[in-house]
Amino acid sequence: MDQIKVGDAALSGNVYQTKKQTGFVHRLKRDLYKNRMIYWMALPVMAYYIIFQYVPMYGASIAFKDFSPMKGILGSSWVGMQHFNDFFKDVYFGRILSNTLLISLYNIIFGFPAPIILALLLNEVRKNVLKRFVQSVTYLPHFISVLVLCGLIVDFTARNGIVNDLLAFMGMERITMLLKPELFRTIYVSSNIWQEVGWGSIIYLAALAGIDQDLYEAATIDGAGRFKQMLHVTLPGIMPTIIILFILRMGSMMNVGFDKIFLLYNPITYETSDVISTYVYRKGILEANYSFSAAVGLFNSVINFVLLVVTNKISKKVNETSLW
């Protein structure tokens with residue numbers, strides 16, 4: 001009798017599971033049909049990420065092999081962590097790691113708050129004509145290509161450039177700035193801010209537009225001035241946006257722009273300008289050491305991933321705002 005009851009329970013459980021799966025399939029088919037145009041639009045994006053982002057991950061396995069183009073990935077011999085150990089023991093490991101971290105840190109300290117400050121200042125401008133003019137002027141540098149931008153920087157910082165003209169006017173000595181290692185990071189970070197501050201402020205201006213205006217009226221009735229309104233209404237209103245963008249920035253902390261540094265640096269300034277991306281270029285492309293450069297790139301990606309996860313977890317615990 002007990003065996004019959006157990007058998008009936010198992011049968012009813014299987015029937016329930018089958019009905020549940022059938023219901024899920026039915027709902028999925030209905031959703032695919034109902035939102036078929038959205039899925040068709042999403043298909044190219046999904047194909048892009050699958051083909052160009054996920055499929056190439058297989059090639060990262062050469063970081064653990066002695067890769068030879070003649071043998072291919074499968075035919076190359078396995079060496080394990082040898083390339084990572086070689087990288088950690090490399091004489092330039094400390095230099096490129098510290099340069100990457102310092103440039104990224106300076107970009108975060110000085111570059112990350114710049115669009116926020118610009119957005120807050122623009123939010124206080126009441127004349128729309130002036131506001132649109134400032135927005136247009138600050139947006140334009142974003143659309144300048146890296147090659148043109150670096151050409152401008154080289155010309156402006158040359159011995160006879162406009163920056164040295166200003167220094168000479170103030171009685172200072174003319175110098176070729178890009179040949180001074182101690183000035184490279186300042187030039188790189190300040191030019192980054194100039195190029196991206198306007199573009200980066202767009203998302204903060206959009207967040208500011210979503211703040212309830214009744215909060216400003218209530219603050220005014222309570223006697224709060226413009227500055228206190230900014231501190232107690234505006235900043236809390238855009239704080240979730242700031243936190244999310246900060247988490248994303250931390251997730252790409254080790255990705256210092258290769259193109260710009262490659263076009264600006266030279267052997268004289270390697271001690272302050274050589275970063276992981278340029279080191280990978282020299283090892284992988286110039287020296288054809290593909291496995292070693294893949295190991296360095298993989299190390300860089302793992303650090304970025306760890307920083308993203310840690311920052312997201314800390315943010316979730318402190319203020320309950322996170323990416324996931």
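## A buried valine and its neighbours

Leaving aside residues up to four places away in sequence, Val189 touches Ile103, Tyr106, Asn107 and Phe110, where contact means heavy atoms within 4.5 Å. Val189 sits in helix α10; helices (H or I, at least four residues) and strands (E, at least two) are DSSP runs, numbered from the N terminus. With 6% relative accessibility, Val189 counts as buried. Here buried means under 20% relative accessible area, exposed means over 50%, and partly exposed is in between (1.4 Å probe, protein chains only). Phe110 is 79 residues from Val189 along the chain, yet their C-alpha atoms are separated by 7.9 Å.

Please keep in mind that this is a predicted model: local features need pLDDT of at least 70, side-chain atom pairs count only at pLDDT 80 or more, and totals for chains, interfaces and linings use all residues. Residues are numbered from 1 along each chain as its sequence is written, and side-chain values use heavy atoms, with hydrogens and water left out.

## A serine in helix α5

Ser104 has its place in helix α5 and counts as buried, at 5% relative accessibility. Not counting residues up to four places away in sequence, Ser104 touches Met253, Met254 and Val256.

Helix α8 covers residues 146-157. Its 12 residues reach 16 Å from the first C-alpha to the last, close to the 16 Å expected at 1.5 Å a residue; the expected span is 1.5 Å times one less than the number of residues. Which residues of α8 are buried? They are Leu149, Cys150, Ile153 and Thr157. Seen down the axis of α8, these buried residues fall within an arc of 95°, so they line one face of the helix. The arc is that of the directions from the helix axis to the C-beta atoms. Cover for the buried residues of α8 includes α9 (162-169), α10 (181-209) and α13 (258-264).

Helix α4 (residues 82-89) has His83, Phe84 and Phe87 buried. Down the axis of α4, the buried residues fall within an arc of 100°, so they too line one face of their helix. They pack against β1 (65-66), α5 (93-111), α15 (276-286) and α16 (290-319).

## Salt bridges

A search of the whole structure finds five salt bridges, each being a side-chain nitrogen of Lys or Arg within 4 Å of a carboxyl oxygen of Asp or Glu. One of them joins Glu124 and Arg226, whose closest N and O atoms are 2.8 Å apart. Glu124 lies in helix α6 (residues 113-124) and Arg226 in helix α12 (residues 226-250), so this pair ties together parts that are 102 residues apart in sequence. Glu124 is partly exposed, at 24% relative accessible area, and Arg226 is partly exposed at 43%.

Asp274 and Arg282 meet in a salt bridge (2.6 Å, N to O), and both residues are buried. Together with Arg95, they are linked in a network of salt bridges.

## A nonpolar patch on the surface

Val45, Met46, Tyr48, Tyr49, Ile50, Ile51, Phe52, Tyr54, Val55 and Met57 form a nonpolar surface patch with about 1,100 Å² of accessible area together. Patches are made of residues with over 30% relative accessible area and no salt bridge; like charges are joined within 9 Å, nonpolar side chains (Val, Leu, Ile, Met, Phe, Trp, Tyr) within 5 Å. Accessible areas come from the Shrake-Rupley method with a 1.4 Å probe, and for residues only the protein chains shown count as cover. Ile50, one of the patch residues, lies in helix α2 (residues 36-54) and counts as partly exposed at 45% relative accessibility.
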